[in-house]
Amino acid sequence: MQIVGLGLVATFLVTILNEHKSNISLLLTVFVGTVIFLFLIDRIQDIFRMVQTLANEAHVQTVYVETILKIIGIAYIAEFGAQISKDAGQGAIAGKIELGGKILILAMAIPILTALIETILSFLPMKG
C-alpha cells in the first residue's frame with residue numbers, strides 16, 4: 001500500500017511538474033523510483049535468505065543457488081536501470097542496459113547449463 005501510494009502521489013506530482021519544470025519532474029521520478037527500490041531491498045534480502053535455507057535443506061550445492069540469486073539480482077537491477085533511462089527519455093541507453101544485463105545473465109548461467117547437460121548425458125546409455 002505504501003509503494004502504491006507513493007507511486008500515485010509521485011505520478012500526480014510529475015504530471016503537474018511536467019507542464020512547468022520538466023527537469024524537476026525527471027529528478028522526482030528518479031528519486032521516487034530509487035526510494036521504492038530501497039524500500040524493497042529488505043524484502044528481497046528476506047527472499048534470498050529463504051531460498052538459501054531451502055537450498056541447504058534440499059542439499060543443493062550453494063554455488064548453484066548463489067549463481068541463480070545473482071542472476072535474479074542482475075535481472076532486477078538491469079530492469080530498474082532501464083526503466084529509469086526510459087523515464088528520462090533515453091530509450092537507446094535503456095536498450096543497452098537491457099542487453100548488458102542479458103549478456104551478464106547468459107555468462108553467469110553457462111556453468112549451470114554445463115552441469116545440467118553433463119547430468120543429462122550421464123543418464124544416457126553410452127554407445128560402444
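Guide: Ile36 touches Ile3 and Leu6, once residues up to four places away in sequence are set aside; a contact here means heavy atoms within 4.5 Å. This is a predicted model, in which local features need pLDDT of at least 70 and side-chain atom pairs count only at pLDDT 80 or more, while totals for chains, interfaces and linings use all residues. Residues are numbered from 1 along each chain as its sequence is written, and side-chain values use heavy atoms, with hydrogens and water left out.

Ile36 also belongs to the largest nonpolar core, together with Ala10, Val14, Leu28 and Val32. Such a core is a set of buried Ala, Val, Leu, Ile, Met, Phe, Trp, Tyr and Cys residues joined through side-chain atoms within 4.5 Å. Buried means under 20% relative accessible area, exposed over 50% and partly exposed in between, using a 1.4 Å probe and protein chains only. The elements that give two or more residues to this core are helix 1 (2-20) and helix 2 (22-57), and helix 2 gives the most, with three. Helices (H or I, at least four residues) and strands (E, at least two) are DSSP runs numbered from the N terminus.

Ser25 is also found in helix 2. With a relative accessible area of 2%, Ser25 is buried. Apart from neighbours within four places in sequence, its contacts are Val14, Leu17 and Asn18. Val14 is itself one of the core residues.

The chain has one aromatic pair, a pair being rings of Phe, Tyr or Trp (its six-membered ring) with centres within 6.5 Å; planes under 30 degrees apart count as stacked, over 60 as edge-to-face and the rest as tilted. The rings of Phe37 and Phe80 have centres 4.8 Å apart and planes at 20°, so they are stacked. Because Phe37 lies in helix 2 and Phe80 in helix 3, the pair ties together parts that are 43 residues apart in sequence.

Helix 3 covers residues 62-87. Its 26 residues should span 38 Å at 1.5 Å a residue, and its end C-alpha atoms are 37 Å apart, which agrees; the expected span is 1.5 Å times one less than the number of residues. Its buried residues include Val65, Leu69, Ile74, Ala78 and Ser85. Helix 2 and helix 4 (91-123) are among the elements that cover the buried residues of helix 3. Ser85 has a relative accessible area of 12% and, leaving aside neighbours within four places in sequence, is in contact with Gln90, Gly91, Ile93, Ala94 and Ile97. Just after helix 3, Gly89 takes a positive phi of about 80°.

For the chain as a whole, there are four helices and zero strands. Of its 128 residues, 18% count as buried. The C-alpha atoms fill a box of roughly 75 × 35 × 15 Å along the principal axes.
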